[in-house]
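Please load the model in your viewer and keep the selection panel at hand. The stops below are arranged as a sequence of selections, each with a short account of what is found there.

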Amino acid sequence: MSGCILRARAVVKRVPTSEGDLTILDGIDLMVEAGAQVAVVGESGSGKTTLLSVLAGLDLPTSGDVWLDGEEITALDEEQRARVRARSVGFVFQSFQLIDSLTALENVMLPLELRGQRQPREDALGFLERVGLSARTTHYPLQLSGGEQQRVAIARAFASGPKVLFADEPTGNLDTATGGKIADLLFALNREAGTTLMLVTHDAALAGRCADVIALDAGRMQASREAAP
Amino acid sequence: MTLSLALRLALRDWRAGELRLLLAALLLAVGAVTAVSLFVDRLQRALVAESATLLGADRVIDASRAVPQRFRDLAEARGLALADVIRFPSMASSDATGRSQLASVKAVTTGYPLRGTLWVAGEPFARGRRTDGLPAPGEVWLDSRLFPALGVKVGDTVSVGYADFTVTAVLASEPDRGGGFMGFAPRLLMHAEDIPATRVIQPGSRIRYRLQLAGGDDALRSLHDAIRDELSPGYRWRDVRSANARIDSALDRAESFLLLGGLLTVLLAGVAVALSARRYARRHYDHVAVLKTLGATPAEVQWGYTLVLLIIGVAGALAGLALGALAHFGIISALRGFLPVSLPLPGAQPVWVGLLTGFICVLAFGLPPLLRLRGVSPMRVIRRDLAPGTASAWTYGCAAAGGLGLLVWYSGDATLTGWALAGAAVTVSVFAGLALILLRGGRALGMQAGSVWRLALAGLHRRHRENVGQIVVFGVAVMLLLIMVLVRTALVDEWQSRIPVRAPNQFVMNVAPGEVGAVEALLKAGTGYEGRMFPMIRGRITAVNGIAAARWQRQRPQRREQPDGERDGPGGRGRPGILRERNLTFLADLPKHNVVVDGQWWAAGAAPSASLEEEYAAALGLALGDSLTFDVGGLPFTATVTNTRRVAWDSLQPNFFIILSPGALDGQPATYMTSFHLPSERRAFLNELLSRHPTVSVIDVDQIITHLRRIIAHVAQAVELVLALVLCAGLLVLIASIQSSRDQRLKELALLRALGGTRRLITGALVAEFAALGAFAGVVAVVGAEITTFTLNRFVFELPASLHPQIWAVGPLFGILMVTAVGYLGTRRLVRTPPATALREL
């Protein structure tokens with residue numbers, strides 16, 4: 001798999017505060033090849049999460065352009081960006097972001113149903129089985145442990161067959177052992193599906209498992225290096 | 001988002017308990033409105049049917065000549081039941097005793113009366129029993145008063161004109177006797193087939209023809225439409241309302257009240273729907289953000305949730321209809337002892353009212369909060385503080401218009417709705433200000449209080465924005481209840497005072513001047529009479545300011561002479577005609593139940609003056625200073641109009657359109673009249689009165705009064721029912737309002753528990769907080785209720801307005817009890833939840 005799936009050019013994000021505008025992203029340029037695994041690292045407040053939001057089309061930059069899967073998402077309205085997300089993007093969040101009122105199975109079915117897939121139930125069951133939760137399909141998020149909730153979130157992220165998976169501190173809310181298992185699962189599924197992975201983390205070990213690492217400092221890209229093999 | 005996905009989402013939300021409150025609010029809105037509408041519809045039909053017995057029919061056509069065959073054909077073609085009533089005065093005599101007496105003859109055809117029943121008795125002045133029969137041809141039934149006057153008994157023969165009849169019964173009462181005074185003379189009831197034999201109907205005879213009609217509303221309306229143009233001027237179409245002013249005003253006010261009650265139920269239920277929808281929407285901000293990251297477009301979110309709401313709307317409306325129907329059966333069975341034996345079946349209207357209420361509630365009150373979900377940013381998955389922007393003014397404008405439309409449509413009365421809404425708008429803004437002041441004051445007090453109260457008042461102040469909202473909502477709910485109680489009390493009191501227990505039920509007329517003292521003494525001894533004798537002379541106006549009355553009348557063509565001889569005098573308000581002969585009286589002082597509205601009552605020895613009833617004067621275009629020339633017994637005299645009066649027509653006292661100053665009628669042959677109360681067990685007194693003063697006429701209106709009392713009792717019942725429903729709606733608003741702050745409370749309580757707050761402290765703080773909220777709400781409710789009842793009583797019900805100190809303590813106390821009870825029950829579980837679980841739920 002090759003070709004550029006994600007590209008940012010001169011992306012600037014400023015937000016107004018009581019003491020004037022605060023620059024969160026300051027001229028970001030990057031290109032991500034399809035199938036790549038990229039970690040975005042930096043200290044708290046360096047702009048990692050904002051960069052992920054802008055690249056995934058959840059938020060718009062103040063200036064600059066972003067292309068995702070061949071679409072210039074910065075030129076689209078929210079309606080069109082949602083369609084791009086439905087087609088090409090999956091998410092895994094630090095706080096899991098499962099819907100409390102839905103069971104594990106229903107949470108995984110949701111993106112499939114939104115796409116109008118024919119057999120959302122069967123497909124979702126398959127993904128739950130792959131993350132090792134086939135026995136807990138009827139459980140609600142509050143009845144699951146943190147690790148289990150994140151596994152449901154991962155199953156949901158991969159269920160829709162995304163081209164790019166954005167993961168925001170996917171192990172940030174978990175203990176080291178559980179976090180390790182979740183990371184293993186994430187990378188295994190990613191390899192299997194050939195998905196492009198954009199991973200925001202401040203965990204050096206996790207970043208080390210990615211081929212590329214982008215370091216941010218005060219909204220600027222400090223370095224883009226090939227990770228050690 | 002497809003319908004099936006929306007259905008699945010709705011089902012999942014339902015299972016998770018997210019939609020229950022919304023559905024409950026909707027269920028109550030539709031249920032309450034349907035129950036009220038069904039009950040009111042059926043009760044109104046029953047009331048109209050019962051009132052119709054006063055007319056003896058659903059509608060009647062009155063005429064001074066025979067009713068044309070064409071009217072009958074049209075009526076029969078519409079499936080209406082018909083009966084003829086022909087009335088004329090005639091002498092009845094007994095050959096055996098040689099006595100005769102003027103009787104008011106009523107000849108009827110089979111089927112009469114179409115509504116209500118005749119009562120007959122075995123002997124004069126005895127209690128009657130119902131009968132379905134009529135006098136057969138050759139028979140007559142006589143009023144009790146005719147027996148002593150003619151010296152006959154049941155079984156004897158009496159003559160009317162050229163025909164002889166056997167007296168077969170005493171006529172105790174007839175439904176359509178009415179309060180009219182053509183019935184000066186006692187009744188003689190005979191079959192219409194006997195009229196030709198009497199040969200009393202001659203050209204020029206004073207005969208009244210009446211065609212009674214009964215049947216469905218649609219058929220009656222269709223008949224009226226078909227003959228409307230041919231009715232005027234010779235025939236008069238009458239219904240219950242035009243037949244009886246007292247019933248008219250009682251029904252009108254009852255309707256206004258029931259509508260007001262229904263209106264408030266709709267408003268309260270609407271608020272409950274809005275609050276539940278808001279809570280539902282808030283709980284879905286995160287849900288929608290996740291959906292959006294998964295690729296749901298804003299349009300899909302909007303339509304998806306609109307569909308969910310519509311599904312809930314359909315479910316709620318249908319279930320609400322069923323609930324309303326059940327509730328109204330419950331009400332009917334609870335009130336069985338008080339209601340007419342069988343209520344008529346309801347029309348389709350209540351069902352439509354219920355359904356439409358459901359949908360408009362959903363769209364006007366429920367949809368705006370849900371439309372905000374469209375604007376939830378997907379970024380919320382990362383930054384939870386991102387709330388959606390407020391919905392556009394357009395959205396809320398539509399909602400307000402929908403709500404307003406619903407209210408106007410439901411009440412069918414823009415004025416009532418306008419007042420209610422204007423009151424609500426002013427109240428809400430005043431309430432908000434007052435609530436803020438109370439909260440600030442509460443916080444300052446709380447600083448000095450013990451820990452429970454400090455916590456509670458600090459809590460109140462911390463969430464002051466939500467709490468101002470809650471105080472306003474609680475306050476409005478309590479206020480509406482207070483208003484209903486106050487207005488109900490005022491209405492029922494007023495209705496009851498209108499017909500006091502000892503209301504006059506007998507009118508005595510034709511008392512000769514020489515008999516006045518003796519009759520008064522007899523009445524005092526027999527009944528404890530404390531009334532007043534009114535002199536009475538028949539006379540007509542012949543000229544106004546020197547212009548002949550007929551010409552004066554022509555200059556005002558819209559004021560036609562009504563061909564109606566029955567509507568003058570006490571009890572019946574006629575549309576005035578200047579040419580008609582009137583009962584005139586002369587009095588030195590203003591009678592009770594009369595108020596001078598313009599000009600001055602005359603002093604002793606004033607020049608000949610006239611006092612006119614205000615509406616009569618207005619209808620004839622007469623004003624203060626006009627000079628009226630009267631013809632009394634062929635002698636003309638002139639008097640100047642010096643004042644106009646407002647008359648309480650329903651006071652059951654002798655009332656007059658025209659009162660003259662003493663002296664104006666000096667030397668004219670007056671007779672006297674009065675009214676008095678006669679307990680039903682003392683009816684034999686009438687026999688004594690009539691035997692000692694045979695020329696005196698007594699008119700018995702006891703039947704009518706009993707009837708009126710029953711109608712008023714039913715109406716009061718209905719009014720209480722509506723009050724109960726408004727209470728339910730008010731409670732629902734409280735529950736919805738407390739539920740909407742549940743999540744935030746849960747968070748605070750969990751933190752307090754985690755920080756070491758004991759269950760006791762937290763429960764105490766919660767109870768104290770709700771008690772304070774309730775007290776504040778009670779205070780604002782009292783203020784609002786006083787303002788609103790003043791306005792309603794003054795301008796809508798036209799009742800005297802005053803302050804109600806009794807609610808000043810009751811309001812806050814009621815607020816405390818209600819809000820604390822509902823609040824504590826609604827949050828009890830939160831206190832019991834272990835803090836760890838509570839914190840995880842956040």
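Is F96(A) buried or exposed? F96(A) is buried, with 23 other C-beta atoms within 10 Å. A residue is termed buried if 20 or more other C-beta atoms lie within 10 Å of its own, exposed if 12 or fewer, and partly exposed in between, with C-beta atoms placed from the backbone.

The model is a predicted one: local features need pLDDT of at least 70, side-chain atom pairs count only at pLDDT 80 or more, and totals for chains, interfaces and linings use all residues. Residues are numbered from 1 along each chain as its sequence is written, while chains are lettered from A and ligands numbered from 1 in the order in which they are written.

**Chain A: two loops**

Remain at F96(A), which is found in the loop between β6 (89–93) and α3 (104–114) of chain A. Helices (H or I, at least four residues) and strands (E, at least two) are DSSP runs, numbered from the N terminus. The phi of F96(A) is positive, about 65°, although the residue is not a glycine.

Select E169(A) next, in the loop between β7 (164–168) and α6 (176–193) of chain A. Here too phi is positive, at about 45°, in a residue that is not a glycine. E169(A) counts as buried, with 21 C-beta neighbours inside 10 Å.

**Chain A: the whole chain and its sheet**

Two residues are in contact if their C-beta atoms, placed from the backbone, lie within 7 Å. Of the contacts in chain A with a separation of 6 or more, 68% are between residues 24 or more positions apart.

The mean for chain A is 87, and 96% of its residues reach 70 or more. Confidence is highest in β4(A), at 94, and lowest in strand β10 (residues 220–226) of chain A, at a mean of 70.

Which strands make up the open sheet of chain A? There are four, in the order β2-β1-β4-β5, and the pairing is antiparallel. Strands pair if DSSP finds at least two bridges between them. At the edges lie β2 (20–33) and β5 (71–72) of chain A, each pairing on one side only. Within the sheet, strand β1 (residues 4–17) and strand β4 (residues 63–68) of chain A run antiparallel and are joined by five bridges. To see one of these positions, select R7(A) and its bridge partner in β4(A), W67(A).

**Where the chains touch**

Show both chains together: 22 residues of chain B are in contact with 24 residues of chain A. On the side of chain B that touches chain A, α1 (3–15), α9 (285–293), α10 (298–334) and α24 (835–841) of chain B each supply at least two residues. The largest share, four residues, comes from α9(B). By class, this side of chain B has eleven nonpolar, five polar and six charged residues. In this classification Ala, Val, Leu, Ile, Met, Phe, Trp, Tyr, Cys and Pro count as nonpolar, Asp, Glu, Lys and Arg as charged, and the others, Gly among them, as polar.

Residues 24 or more positions apart account for 85% of the contacts in chain B with a separation of 6 or more.

Zoom to Y112(B) and P113(B), where the connecting peptide bond is cis, with omega near -15°. P113(B) is in the loop between β3 (100–108) and β4 (118–121) of chain B. L118(B), in strand β4 of chain B, counts as buried, with 24 C-beta neighbours inside 10 Å. Leaving aside neighbours within four places in sequence, L118(B) is in contact with P113(B), T131(B) and E174(B).

**Chain B: an enclosed strand**

Finally, select strand β21 (residues 671–676) of chain B. Why is β21(B) described as largely enclosed by the rest of the structure? Five of its six residues are buried. Strand β12 (residues 506–511) of chain B pairs with β21(B) in the antiparallel sense over four bridges, and Q506(B) has F676(B) as its bridge partner. Strand β13 (residues 534–544) of chain B also runs antiparallel to β21(B), joined by three bridges, with M536(B) opposite T671(B).

Definitions and conventions: pLDDT is the predictor's confidence in each residue, from 0 to 100.
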